[in-house]
Amino acid sequence: MNILINTLVLGIMYILASLGFAFIFNMLGTINLAHGSLYMVGAYLCYYLCAAAGVNNWVAMVIAAVVLAAVGLLLERVMFRPFLANFDRIVMISVGLITIGQTIANILTGNKAMVIPTYAKGITTIAGTSISNERLVTFGVGLVLLLIALYIVNYTALGRQMEAVSQDRLGAALQGININRVSAIVCAIGVALAAVAGCFMGAYLGLSSNMGDTMNLRILMLVMLAGAGSMNGILITGTVMGFLDVIFPLYFAGNAGSAIPIAIIVVLLLIKPEGFFGHELKM
Amino acid sequence: MSSLLETSGLTKRFGGLTVMHDLDFKIQEGEIKGLLGPNGAGKSTFFNLITGVHAPSSGHIFYAGREITKAKPHQVAAMGIGRTFQLNPLFGDFTVFENVTMAYHLRPHSTVGQAFFGTKTYKENEKYIANSADEILEFLGLAHVRNELAKNLPHGYQKILGVARALATKPKLLMLDEPLGGMNPEEIAFSINAISKMRDKGITVLVVEHNMQILDILDSVTVISFGEKIFEGTPDGMRNDPTVISTYFGGTV
Amino acid sequence: MKKSGFKTSLPFLILLVAFIALPMFLNSRSWIDIFVTIVFNMVAAVSLRVILLSGNLSFAQGCFMGVGAYTAGMLAVHLGLPMWLTIPLGAVMATLIGLITGWPFARLKTVYFSMGTMFMGQAIMLLISAWKAAGGAQGLNRIPSLSSELKGVAELLGVKGYQAAYFVILILAIVSLVVMFRFEHCRIGATLRALAQSEDVAASIGVNPTFYRLLAVGVACFFIGLMGGVQAHYMTSISYSSYSMNLTLWLIMYMMIGGSGKFIGPMVGAILITLVEGVSNLLTSLSGASNSEAFVAFSRWIGENSAYTPFLTAAVLLVVAYLLPTGLVGIPDTIRAAKAKRAEMREIEAMMKEGGDNA
């Protein structure tokens, strides 16, 4: 039961962090290398708001989400929009940003543990098992956000516009869709979600200067396994990844615990690099 | 004469849309055949199916007696089928000359080892390629822009360069995808003349084209509409065929 | 068109002379360490560019250097193989792993290749970090030292062991660079460039896209693996964290800042940035011998703030991204283009003036 809870918590957080990356990949056709870094920046920002400015952790999370949403808008404007056709330039800018973010994290991370104050104290008992409220709340809020995101994608006009842009950018523009506005909104939402995930994970597991890299790896795995254009696939791969990350560290200590799930994914991707749930890449 | 290229029951579906229905097509060795049809008829799809860019949903493709239904583009090229592209037909950052010399990749072929170590074979090949490329540029009237970057060429020249590139692969079957598109009358006359001369060089030509002036040099023509064949025969027959006329112009004559 | 052979080789000759002569004078251990690092980074950045020629950006190069290093190190530590075997075997292993992990993604669009290599690079290093035989979290230690191995020869020549090691590394690097240079400038390089410009057109002339992409990957991985293998024996102790995504990102920075359009670009980038990033170490060792108080204070200040140097490189990278996309070695071309444009504008203005006068 505990395993289930932990899986759900981790899974939801992975999915939230990956949604933005998937949005950008499907809609713009390019990858946001800095997504893991932005996740980390969200966490660090939240931590410092709480620790240095005494801000309430929920408020700090909202602030972090808003700030990162603005960063998402900025990225769309100065990085994606001008250079969609030129992957090299996007890489240059992304790598510069990642380096800046990582250096900041390196400098700020000292020897003491940095943990964002927990989002819910206490324990609840459900069906005879005690579950920390923190996990319940993390999963709950995550689930709500995920449902909202899914609703937007599947049932709103914005979602249909996103679909149109991801299928045919020029065609969508000719249909009167403001592709820049749609792209900007999507980037903002995506990055904000990553920041929220960062805040929750920062409370759940604490901050570390390599959390950006670790999450980036998970994001890549999720999106690649799911395949191009598949939002729903990410739900499945996210949960599976959460499960693997919970199960294996139980039986294997140290680095092996995280290494084995990765080995499994390596094999899966070698066999089917285009993912399992996406649409055909080569005809 | 034997048929050089033959398709039977060629069908292609993209999702729910069927763009090619059961197409039976034949081209004889040594002829210049046209594949005509209104926009969206499936002409470029046909090219892509033959050359392996897309895999057919069903049906078979035969070339020189062998089945090539599942062959990949570079394999199709190696078998002697050359093609031009309607859009983005070139290596833009290469010069005109480099575009043509690059096209000699298969014939003569220098292996990776020969190229790397600069063996005698490699050097001889490169020399032959340079001379042969200049000949082709001469033949197609591009010699004066030899060192221009391909992306800087006017559109008509780019199309002609595309043909030069396809010729350099020494194809037995040359598939031209709307070669006259975007050309002025002078260029069109020049190109039509050049295409008709290819038969003398032993090349079988399949032309997809909109511009009806091409009818003058065609031996036979197939007309397709919405992925289905609606006419097969001579250019004169086509001019008078009621189905063709109503497809292109609507109504009856 | 072939430029005059001398003009194009002049920068390389200058570099060659510098790499041979400078370490003769600046021959303390810390200086030689810096030179060695520069050489490694230089070859690694150039190998990254080989893959870029085919239109793919590989995010796993750092990892493959690590594969070379760990292979050489583990073969030496566990099987006692001699260096002249472990190092080439390291290169071979890096090539194999590079090809195996690259193959599924080389068949797909370039974006997928980048994603795939980004994942594979980190995954492989993580797997190595979990492998007991590779030393786990502590890294692989007690690898036989190249410097010690060469001590005998070195004494005969009147130099230190580590200096001799540097020259061995330099020779290997020169060989690697020459091979990669030839690779690019014969027909193979042209084929790669054609493939990068248009896969469809390249395929229509008979180029097998997957084969050529993997060829580029294979060559690049071999030489970066080679450098990795030597690095294991030079440093005698390696850890998986030095071959993580971090290294790959730095290699990308070297290449982009220097200029990905020319062969010498990544070399220039590697040299410059390695020096900038290593400046604190440099100053520390220099200040040890210095009498100037100001200098010692300055170098201590640099040392304390050395964690901030990546900001400098990142800033340069952003400037390059927006203003100088062809990199530092592209500056002469950018200037030339700007001058030509200005001359053209002046001509047009002059023509307009004449026309106006005639009207």
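Q: How many residues of domain 1 of chain B are in contact with domain 2 of chain B, and how is contact decided?
A: Two residues are in contact if their C-beta atoms, placed from the backbone, lie within 7 Å; here 13 residues of domain 1 of chain B are in contact with ten residues of domain 2 of chain B. The model is a predicted one, in which local features need pLDDT of at least 70 and side-chain atom pairs count only at pLDDT 80 or more, while totals for chains, interfaces and linings use all residues. Residues are numbered from 1 along each chain as its sequence is written, and chains are lettered from A, with ligands numbered from 1, in the order in which they are written.

Q: What is the strand order of the open sheet in chain B, and is the pairing parallel or antiparallel?
A: Strands of a sheet pair through backbone hydrogen bonds, either parallel or antiparallel. Two strands count as paired if DSSP finds at least two bridges between them; in chain B four strands form an open sheet in the order β2-β1-β4-β5, with antiparallel pairing. Because β2 (17–28) and β5 (66–67) of chain B stand at the edges with a single partner strand each, one side of each is left without a neighbour in the sheet. Strand β1 (residues 3–14) of chain B pairs with strand β4 (residues 58–63) of chain B over five bridges, and Ser8(B) has His60(B) in β4(B) as its bridge partner.

Q: At what angle do helices α6 and α8 of chain A pack?
A: Axes are lines fitted to C-alpha atoms, for helices over the stretch in contact, and angles run from 0 to 180 degrees between N-to-C directions. Helix α6 (residues 157–167) of chain A packs against helix α8 (residues 179–204) of chain A at an angle of about 110°, with their axes 10 Å apart. Since angles of 65 to 115 degrees count as roughly perpendicular, α6(A) is therefore roughly perpendicular to α8(A).

Note on methods. Helices (H or I, at least four residues) and strands (E, at least two) are DSSP runs, numbered from the N terminus. Angles under 35 degrees count as roughly parallel, over 145 as roughly antiparallel, 65 to 115 as roughly perpendicular and the rest as oblique.
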